[in-house]
Every structure is written in C-alpha cells, then in structure tokens.
Amino acid sequence: MSLLKSDTQLHRNSYYEASVTRPPATAVLEGPHRADVVVVGGGFAGLCCALDLRAAGYSVVLLEADRVVSGASGRNGGQFIVGVASGQEPLEQQGGKTLARSVWDMSLEAVALLKERVAEHQIACDLATGYLTVADRPRKARALEADAEALERDYGFSTRWLEGAALQQQIQSERYVAATWEPISGHLHPLKYGLGLMRAALAAGVQVFESSPVTALERGARVTAKTATGEVHADFAVLAGNCTLPEFGPRVAPEIRSRIMPVGTYMVGTEPLPETLASSLLPANAAVCDNNFAVDYFRRSADHRLLFGGGVSYSTATPRNLAATMQQRVTRVFPQLAKARLEFVWGGFVDISMNRAPDFGRIDGNVYYLQGFSGHGVALTGLAGRLVAQAIAGQAERLDVFARIQHRGFPGGRWLRTPSLVLGMAYHQLRDL
C-alpha cells in the first residue's frame, strides 16, 4: 500500500478531527500567481513561516496538498517539549558544547514562541503545562536520573525527581518506578492550534490554496512551484512538506529525500471518562512520555478522555489488530481503564532523520527546507518557520546553527532502507525489554 493511501485510511477516525469544525476549504490554485515567497506545506512549520514572512512585509502563497494541518501537525500527541529528539549528546559530539547549547536554548525559545503565538492570536487550543518523563524499570530510572543530572549540570535546566508517593501524586500507575517533572513543556489540542494559525495567516494576508499538491519545482534566480492546475513564481521557496513532499512531487527536492524516513505512529482516544476517574489518572494534568526507545506517551483531553500514543511501523502498512494492541498498551499503564471503550483509533506518518536531530537548510541559495523533526515537532516547527523567515530577510545565523548538524541518508536506497531501519529499530526495542 502506498504511503498516501495508508495515510488517508489512518486519518478516518481521528479524535482531533471529530472534535473541531473545520472552516470551508480554500480555493485550489488555478493559473499563474506571483509572490515573494512560496511555502509548500500547510502544517505548523509552513504556517508559522508564512506568518513571520507576512509580518516582515513579504507576499506569501502557501500551497497545501490536502487540507491545512491534515498531516502530522493535526494528528500528533499534542505534546510540546523542550529539547530535540536526538538528545544533546549527538549534538555535543558533532559540534561541541557551543552548537549543543545553541540548539538547546532555541528549543526553549520554541516552547516560549508557541505560547506567545497562542496568546497573540487568541487560539483556544486547551493548552496546559507540566511534563513527566517516566521510567518503567530500575535500569531506565538510572538512565533518566543521569540525563536529568546532565541537563542541570550542563544546561541549567532543573527537573523534579519523583519516586514513591510523590510519583503517585502525579500519575496513578504502578508501571513506573521514577519520573522527572518540569513545568515548561506541556500539551495542547494540535488541530485547534493549527487551525488557529491558519486563521491568523489568512488575516495577515497569506494566500492559502488547499488541495494543491506541488509536483515540480523549477529552480534558478527565481523559482516556480507547479501544481496540476497552476503555478507560483517566487523569489524564494520554503519546503515544509516533510515525508509526504516526495510522495506528491518526487522531483521537487530529490537530494534531501533519503535524509528522512516516514514512520507510522498511532493514537487512541477513550470514550469520555467520569471526571473523577480522568482526574485521578493524572492529577496535575501533565503530559507524559516514557524514556524507552519506542515510547508510550499520553495525556488527558479537555473533555476527560485519555489520549494515548504508542507503537510505530516502519512500513506503510497499518499494523494488524491495531485497536486491540493499543488497548493492551493503555491497560498496561492504567489497568483501571480495562473497561473503557476506545472511541477513536487513528495515526499517520512522521519524518525521522537518521540521528533523530532536526534537518534544516537550503538548496541553491533560495530554496529552504524544514524536515526531520522526529516526533518533536509541535514546538520546534514554529521556531523552524521563524528561522527561515529570518534567513530570507538576510539574517541566517540562527538557521545556520541547525545547518551545521551533519546528516546522512538512510542506507539501502529507496527499496532497501526500510528493512535496514526495521532491523536497527528492532535492536533498540530489544534493549528496552
């Protein structure tokens, strides 16, 4: 099954889509258009970039292949988290403490920027703060403690260590033996947030065209983004389509395609729980993620459901018995939900890089790309959009920090890299066990 067909099927029973009313679709791109910048991709990164470009006075056309925020931005776990998915150690090894510290500081800025945008544009997206990283066995607890000590020692980032009764006050689960808690990260309804960004972008004068996949990009002193029914001539292009970009347009940017892989991720939402039960699961309403390689992550929704993510697929096929498998993961953490019905089961594809560090950069001087968020995109996408907007305005120093991170393509070419990735990930999952 193709990635796009599988992705469409996974989208059909999303809690997020069921809990919002989308505005009418925007027009499809027809005929030629002219803009200072063409943005390809209507997720968080593309929308935030478009907003900042308009604030700087640029004319912007944004092209979305489906509906705005219909991909990973509108289906994810809703957790905005400091740091990057790779952790700090690979960054320190590549670029030393200076590079690693710059990336860390900008990740803090990314979370602050998300909160600022929510406030500035009055986006009602159920935002809450508080974040738990949990360990489910002593070995994992020791690793978590070492990570927390390193962050405090090297980056001045403090967390609260929780065990025993203190841990139970944050999460009513016997599965976990220890956790760290911090008040900066948190969670939100990602689709509400993304649609709020879209409203702000339209109000600022961004031209948004949905159902307008870019199939080709002509490069040169100026660029031309082509769709089936129109084209946009611009001075700059921003590619923010992540793993679906080459599915619609294999010739748009083939030189960066091998640097990311699509990974299927899955979520469930319970039926609405009694408020007392929902509150008892996570009394402080924190977002939670474990520190295994293949993580479980979860949070409460504003309407008293448990939203739970876990399990991944490195092919385009949806796992068999997905609902039953996810039910087992939920009850393994919260046995008290054994009788709770799963009302929603959905998923989608995120892009991961080989080292799980973000991959931002430029091609040919006037084509920028943003990819490789590796599951840490809710906050980092907003910062990424700002960095590209600043670079287009002539201030590229901060984007260049990320461009210094070295990335390799996944081995094996188009047809063999998925089996290679499966073997590598299986090794890490066995280590978790």
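Is Glu271 buried, exposed or partly exposed? Glu271 turns out to be partly exposed, with a relative accessible area of 24%. Keep in mind while browsing these close-ups that this is a predicted model.

**View 1. Glu271 and Arg341 meet in a salt bridge.** Here the N-to-O distance between the two side chains is 3.9 Å. Glu271 sits in the loop between β11 (260-270) and α9 (275-281), while Arg341 sits in the loop between α10 (322-333) and β15 (342-353). That puts the partners 70 residues apart, so this is a link between distant parts of the chain.

**View 2. Glu271 and Arg341 belong to a network of salt bridges.**

**View 3. Strands β11 and β15 run antiparallel.** Eleven bridges join these two strands. To find your place, look for Thr265, whose bridge partner in β15 is Gly348. Ten of the twelve residues of β15 are buried, so this strand is largely enclosed by the rest of the structure.

**View 4. Glu109 and Arg398 form a salt bridge between two helices.** The side chains meet with an N-to-O distance of 2.8 Å. Glu109 belongs to helix α4 (residues 89-120) and Arg398 to helix α12 (residues 397-403), and the two are 289 residues apart. How accessible is Glu109? Its relative accessibility is 28%, so Glu109 counts as partly exposed. Arg398 is partly exposed too, with a relative accessible area of 26%.

**View 5. Asp126 pairs with Lys192 in a salt bridge.** The closest N and O atoms of this pair are 3.2 Å apart. Asp126 lies in the loop between α4 and β4 (128-135) and Lys192 in helix α7 (residues 190-204), so the contact ties together parts that are 66 residues apart in sequence. Asp126 counts as partly exposed at 33% relative accessibility, and Lys192 counts as partly exposed at 23%.

**View 6. The whole structure holds 26 salt bridges.** How many did the search find? It came up with 26 across the whole structure, including the one between Glu109 and Arg398 and the one between Asp126 and Lys192.

Definitions and conventions
Residues are numbered from 1 along each chain as its sequence is written. This is a predicted model: local features need pLDDT of at least 70, side-chain atom pairs count only at pLDDT 80 or more; totals for chains, interfaces and linings use all residues. Side-chain values use heavy atoms; hydrogens and water are left out. A salt bridge is a side-chain nitrogen of Lys or Arg within 4 Å of a carboxyl oxygen of Asp or Glu. Helices (H or I, at least four residues) and strands (E, at least two) are DSSP runs, numbered from the N terminus. Buried means under 20% relative accessible area, exposed over 50%, partly exposed in between (1.4 Å probe, protein chains only). Two strands pair if DSSP finds at least two bridges between them.
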